[in-house]
Amino acid sequence: MKKSILLWALWLGVLPLWAKQQTPESIAEIIQRVNNNWQSNHTYKTRAFWDDAVYHIGNMEVVQLFPKSDFTGYSMRWAIHNRWQGATEKDPKKWKYQHYGEYQFHVLFGDWQTCFQTYIDLYKISPTKDKITRTKEVMSYMADAPESDYWWWADALFMSMPVMTKMYKLTGEQKYLNKMYSCILFTDSLMYDHETGLYFRDAKYVYPKHKTNLGKKDFWARADGWVLAGLAKVLQDLPKDYQHYDFFVEKYRRLAAAAAKLQQRGGYWTRSMMDPRQAPGPETSGTELLTYGLLWGVNNGILPMKSYKKTVERAWNYLQNTALQPDGRVGYVQPIGEKAIPDQIVDRNSETNFGVGGFLLAACEYYRYLKAGTK
């Protein structure tokens with residue numbers, strides 16, 4: 001019966017989703033199409049703030065997967081345009097971080113440190129001192145400082161936390177790992193929900209001070225996506241003999257399990273993860289970050305394939321067949337914000353720089369997932 005349905009669908013030119021054969025080659029084509037579309041239609045002359053930097057993190061993941069690709073130059077030109085810096089204030093006495101800020105003195109604010117991930121990756125490809133001078137200056141200052149309250153919003157665990165493990169690998173200095181651990185303990189004290197294993201976006205949204213319109217806990221999918229993806233990136237570089245390695249693994253596993261339970265039947269996560277009616281319908285940025293984080297765990301043996309296979313395949317089905325547009329654009333991305341907003345329109349034309357970066361991260365990890373399955 002199933003064979004006859006397939007033949008009928010082929011005759012009509014309509015192939016049902018279950019019959020579409022996914023291969024590493026088909027995913028490689030998607031990666032190329034998405035990245036070509038972005039780089040062909042957007043200038044590299046943008047600032048080094050988090051939203052543009054997340055695109056370049058995704059681009060560098062593509063470069064890592066396909067080192068002979070032509071995509072490296074785009075990120076290299078962006079880094080040169082920004083003089084290998086984030087925020088540019090020179091005097092450490094003027095550096096700030098305790099409030100959201102896009103000014104040049106917000107040097108210690110994690111959104112200005114996201115770019116350092118790409119600078120370090122570019123340095124590994126072609127090591128010259130100028131690529132990492134500012135990164136070392138800022139992150140060494142932070143690692144040596146007595147404060148640990150740098151990461152007061154969930155996004156910082158993707159924007160800044162992986163820079164710490166990259167700096168450890170770059171320098172061999174354990175002070176970066178120790179600072180990372182003390183900083184995430186502070187983050188946990190503000191916004192970690194011990195009952196579920198999920199993160200509120202920041203202290204403003206902790207239950208019961210803040211609730212959805214129906215009175216439920218309001219976990220913003222993009223925030224928890226940032227955290228899960230950030231933990232995955234940290235675990236890639238964290239030495240297994242580090243004294244707090246198990247802390248990060250267990251945190252990652254618990255968050256992964258909690259997120260998987262809240263996936264919608266359509267493969268996506270709604271903007272308010274525990275209350276789909278707060279902002280109904282598909283959303284891509286949270287979904288792609290969670291997909292990347294889950295796939296990385298499956299691919300690296302930290303999450304059991306048996307438990308997560310359906311989740312990651314259903315998530316990728318949404319990303320490929322709903323979020324991805326024929327011309328390579330990535331739609332259904334909620335604009336810059338910090339919560340699920342009722343009645344906010346998110347549709348196939350809703351594309352952002354960070355949304356493309358997150359899609360590339362998920363796509364590269366899905367390519368690896370399929371590649372491993374063909375061995």
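These questions and answers set values from a predicted model against the definitions behind them.

The model is predicted: local features need pLDDT of at least 70, side-chain atom pairs count only at pLDDT 80 or more, and totals for chains, interfaces and linings use all residues. Residues are numbered from 1 along each chain as its sequence is written, and side-chain values use heavy atoms, with hydrogens and water left out.

Q: Why is the contact between Arg-201 and Asp-155 called a salt bridge?
A: A salt bridge is a side-chain nitrogen of Lys or Arg within 4 Å of a carboxyl oxygen of Asp or Glu. Arg-201 and Asp-155 have an N to O distance of 3.5 Å. That is within the 4 Å limit, so the pair counts. Side chains of opposite charge can pair when their charged atoms come close.

Q: Where in the chain do Arg-201 and Asp-155 lie?
A: The salt bridge between Arg-201 and Asp-155 links distant parts of the chain, 46 residues apart. Arg-201 is in the loop between α9 (175-191) and α10 (221-237). Asp-155 is in the loop between α6 (133-144) and α7 (156-159). Helices (H or I, at least four residues) and strands (E, at least two) are DSSP runs, numbered from the N terminus.

Q: What makes Arg-201 and Asp-155 buried?
A: Buried means under 20% relative accessible area, exposed over 50%, partly exposed in between (1.4 Å probe, protein chains only). Arg-201 has 9% relative accessibility, so it is buried. Asp-155 has 7%, so it is buried too.

Q: How do you know that Glu-338 and Lys-204 form a salt bridge?
A: Their closest N and O atoms are 3.2 Å apart, which means the pair meets the cut-off. Glu-338 sits in the loop between α13 (305-323) and α14 (353-373). Lys-204 sits in the loop between α9 and α10, 134 residues apart from Glu-338.

Q: Why are Glu-338 and Lys-204 called partly exposed?
A: Glu-338 has a relative accessible area of 26%. Lys-204 has 45%.

Q: What makes Arg-368 and Glu-365 a salt bridge, and where do they lie?
A: The N to O distance is 3.0 Å, so the pair passes the rule. Both residues lie in helix α14, 3 residues apart, about one turn of the helix. Glu-365 is buried because its relative accessible area is 2%.

Q: Which residues do salt bridges that share partners join into one network?
A: The network holds Asp-155, Arg-201, Asp-202, Lys-204 and Glu-338. The rule gives a count of 20 salt bridges.

Q: Are Arg-83 and Trp-84 buried or exposed?
A: Arg-83 has 57% relative accessibility, so it counts as exposed. Trp-84 has 7%, so it counts as buried.

Q: Which peptide bond joins Tyr-207 and Pro-208?
A: A cis peptide bond joins them, with omega about 5°. Pro-208 is in the loop between α9 and α10.
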